[in-house]
Amino acid sequence: MKSAINSAIEALEVAAESGGEIDLQMYQERLDELKQFRDEILQYDKRLNEAGKAPDGDDYNALMSLTGLIA
């Protein structure tokens with residue numbers, strides 16, 4: 001099953017390659033931002049795993065902060 005983030009990345013890759021010329025830069029910028037967001041989440045998870053640490057409330061808040069949904 002494909003994640004919503006990976007589906008959005010695929011859609012933006014197509015748009016960045018074949019979208020309207022006026023919008024290509026915007027598509028590429030959003031694609032780059034979404035890939036960076038995904039990579040930050042994966043890196044955070046990797047650090048937790050390497051430390052053998054179960055996520056706690058601080059981790060939840062840090063991950064939510066990365067989404068931009070909370071400050």
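Biologist: What does the accessible surface of the protein come to, and how much of it belongs to carbon and sulfur atoms?

Modeller: About 5400 Å², with 55% of that area on carbon and sulfur atoms. The model is a predicted one, and the area is computed from it.

Biologist: How many helices and strands does the protein have?

Modeller: There are 3 helices and 0 strands, giving the pattern α-α-α along the sequence.

Biologist: Among contacts between residues at least 6 apart in sequence, how many join residues at least 24 apart?

Modeller: The share is 32%.

Biologist: How do you know that the span of helix H2 agrees with its 28 residues?

Modeller: Helix H2 covers residues 24-51, and at 1.5 Å a residue it should span 40 Å. The expected span uses one less than the number of residues. The end C-alpha atoms of H2 are 41 Å apart, which means that the model agrees with the expectation.

Biologist: Which residues of H2 are buried, and what do the buried residues of H2 pack against?

Modeller: Leu 31, Leu 34, Phe 37, Tyr 44 and Leu 48 are buried in H2. The buried residues of this helix pack against H1 (4-18) and H3 (57-67).

Biologist: Which residues make up the largest nonpolar core?

Modeller: It has 6 residues in all: Ile 9, Leu 12, Ala 16, Leu 31, Leu 34 and Phe 37. H1 and H2 each supply at least two residues of this core. Beyond its neighbours within four places in sequence, Ala 16 is in contact with Leu 24, Tyr 27, Gln 28 and Leu 31.

Biologist: Why does Asp 59 count as buried?

Modeller: The cut-off for buried is under 20% relative accessible area. Asp 59 has 5% relative accessibility, so it counts as buried. This residue lies in helix H3. Setting aside residues up to four places away in sequence, Asp 59 touches Tyr 44, Leu 48, Lys 53 and Ala 54.

Biologist: What makes Gln 43 partly exposed?

Modeller: Partly exposed is the range between the buried limit of 20% and the exposed limit of 50%. Gln 43 has a relative accessible area of 41%, and is therefore partly exposed. Gln 43 is in helix H2.

Biologist: Which residue caps the N-terminal end of H3?

Modeller: Asp 56 does, with a side-chain oxygen 3.0 Å from the backbone nitrogen of Asp 58.

Biologist: Which residue follows H2, and which residue follows H3?

Modeller: Gly 52 follows H2, with a positive phi near 65°. Gly 68 follows H3, with a positive phi near 80°.

Conventions. Residues are numbered from 1 along each chain as its sequence is written. This is a predicted model: local features need pLDDT of at least 70, side-chain atom pairs count only at pLDDT 80 or more; totals for chains, interfaces and linings use all residues. Side-chain values use heavy atoms; hydrogens and water are left out. Helices (H or I, at least four residues) and strands (E, at least two) are DSSP runs, numbered from the N terminus. Buried means under 20% relative accessible area, exposed over 50%, partly exposed in between (1.4 Å probe, protein chains only). Contact means heavy atoms within 4.5 Å. A polar contact is a pair of N or O atoms within 3.5 Å; within protein, one must be able to donate a hydrogen and the other to accept it, and residues adjacent in sequence count only if both atoms are side-chain atoms. Accessible areas come from the Shrake-Rupley method with a 1.4 Å probe; for residues, only the protein chains shown count as cover. A nonpolar core is a set of buried Ala, Val, Leu, Ile, Met, Phe, Trp, Tyr and Cys residues joined through side-chain atoms within 4.5 Å.
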